[in-house]
Amino acid sequence: MRRAFSIVISASLAPVLIMGACLVLAVSPTLVPVELSGLVRYGPFLLAALGSAIGWWFNRGRAVFVMLLLLICYWLLVGNGAGFSAEGVAFLRIATLYLIPVNLLFLGFTAERGVLNPRGIARMLVLGLQIFIMLMLAGQPDVGSALYQLLDVRFFDSTGVLDAMPHPAMILSVLAVVLLLIRHKPLETSFAAAVIAISVATVMGTGFIQYGYLAATGVVLAGLAQEAWRMAFVDDLTGLPGRRALGHAMAELGNQYAIAMLDVDHFKKFNDTYGHDVGDIVLKKVARELARVGGGGKAFRYGGEEFTVLFAGRTAERAQEPLDALRKRIAENKITPPEKNKTVSVTISVGISERDEDTTDPWQVLKRADKKLYDAKQSGRNRVVL
């Protein structure tokens, strides 16, 4: 529960700050110097182009498609019609209120497939087809007017906020936001924030649209940055910080700390007997317990079946108790491999070392903990050795 809460906070903090800043600018436009007012109007184009380039570089196709969608929809809203009749422009503007939440919800619940591959190109074609159909329909005044009436639906008489958007579009937006937030991931959270930003700008009036899209492209760019960080520092399988994050954390340790090395007992034999899929289940189970190791410890996946736990400001003796409690919890929980009629136990062995006057380099302390891990295995496994 605590880990899920921290994920929500970390994933939501940047969108909240960005949308808050854009809302302040929208309410008090005089805060922006006249010389910089063009940045507000053209900012969504710049941020969308930058986000598309970064998403392309990191092969995050979903972010690229969202940025392209926001860029095109913003152009439709600020492009002054560009040859379309008043009826066509009205249709385009109301259609974006449906197009954005539907597409962001779809992309939020689909797997990452990259950009320049068959599935990525297929997504690009679907997006292009949607825009092409919208433009084709908007080019016919009678059709555009009829479709506007079809989309501008109110389920009941309303005023104020409830009258600012078509009710089906409002329901779609709320549903998209809720479902995307449930995902508890930075990129999906940024998609939800983009829907919120555009909806709020729509409710506030046409004069605020540019601020809504500025916030929307900004939060998706922030989500993309968090996604890039996650790719670099978080282990995909276990969700724990990886080896690179461990290196950064080791560099920040003070004058007193303990380091524990642990791994899963007989993991190779377990893999050979039950298969690598079950082995992955075991690693995820151990990682879930490690994420709440307690005692101020922070867990990392070192590699393979090995994990590292850092205890800043603690001695090895003080770190032993939470690690021994962790060892017991893992041993008590049984795993039932798929298509097997029996449960199996998983155990871990742990070695701990601490900084002293003779060994001040954290990596040397880690190596010493690794030797203690070897001693734990030689002593019979399923134990903690200082």
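Biologist: What should I keep in mind about the numbers?
Modeller: This is a predicted model, in which local features need pLDDT of at least 70 and side-chain atom pairs count only at pLDDT 80 or more, while totals for chains, interfaces and linings use all residues. Residues are numbered from 1 along each chain as its sequence is written, and side-chain values use heavy atoms, with hydrogens and water left out.

Biologist: How many helices and strands are there in the protein chain?
Modeller: The protein chain has 14 helices and seven strands, taken as DSSP runs numbered from the N terminus, with H or I over at least four residues for helices and E over at least two for strands. Of its 386 residues, 44% are buried, where buried means under 20% relative accessible area, exposed over 50% and partly exposed in between, with a 1.4 Å probe and protein chains only.

Biologist: At what angle do α8 and α9 cross?
Modeller: Helix α8 (residues 186-204) and helix α9 (residues 209-233) cross at roughly 175°, and their axes come within 8 Å; axes are lines fitted to C-alpha atoms, for helices over the stretch in contact, with angles from 0 to 180 degrees between N-to-C directions. That makes α8 roughly antiparallel to α9, since angles over 145 degrees count as roughly antiparallel, under 35 as roughly parallel, 65 to 115 as roughly perpendicular and the rest as oblique.

Biologist: Which residues of α8 and α9 meet?
Modeller: Among them are F191, A194 and I198 in α8, and Y213, A216 and V220 in α9, where contact means heavy atoms within 4.5 Å. By class, the contact of α8 with α9 has 15 nonpolar, five polar and one charged residues, with Ala, Val, Leu, Ile, Met, Phe, Trp, Tyr, Cys and Pro taken as nonpolar, Asp, Glu, Lys and Arg as charged, and the others, Gly among them, as polar.

Biologist: And how do α3 and α9 pack?
Modeller: The axes of α3 and α9 are 11 Å apart at an angle of about 170°, so these two helices are also roughly antiparallel to each other. Residues including L70, Y74 and L77 in α3 meet residues including Y213, T217 and L221 in α9, and the contact has 13 nonpolar, two polar and no charged residues.

Biologist: Switching to rings, which residues form the aromatic cluster?
Modeller: Y42, F45, Y74 and Y213 form one aromatic cluster, with rings of Phe, Tyr and Trp (its six-membered ring) paired if their centres lie within 6.5 Å, and planes under 30 degrees apart called stacked, over 60 edge-to-face and the rest tilted.

Biologist: Is F45 buried or partly exposed, and why is its pair with Y74 called tilted?
Modeller: F45 is partly exposed, with a relative accessible area of 22%. Its ring centre lies 5.0 Å from that of Y74 and the planes are at 55°, so the pair is tilted. Because F45 lies in helix α2 and Y74 in helix α3 (residues 61-78), the pair ties together parts that are 29 residues apart in sequence. Y74 itself is buried, with a relative accessible area of 0%.

Biologist: Where is D152, and what is it in contact with?
Modeller: D152 is found in the loop between α6 (141-151) and α7 (167-182), and is partly exposed at a relative accessible area of 25%. Leaving aside neighbours within four places in sequence, D152 is in contact with I94 and P166.
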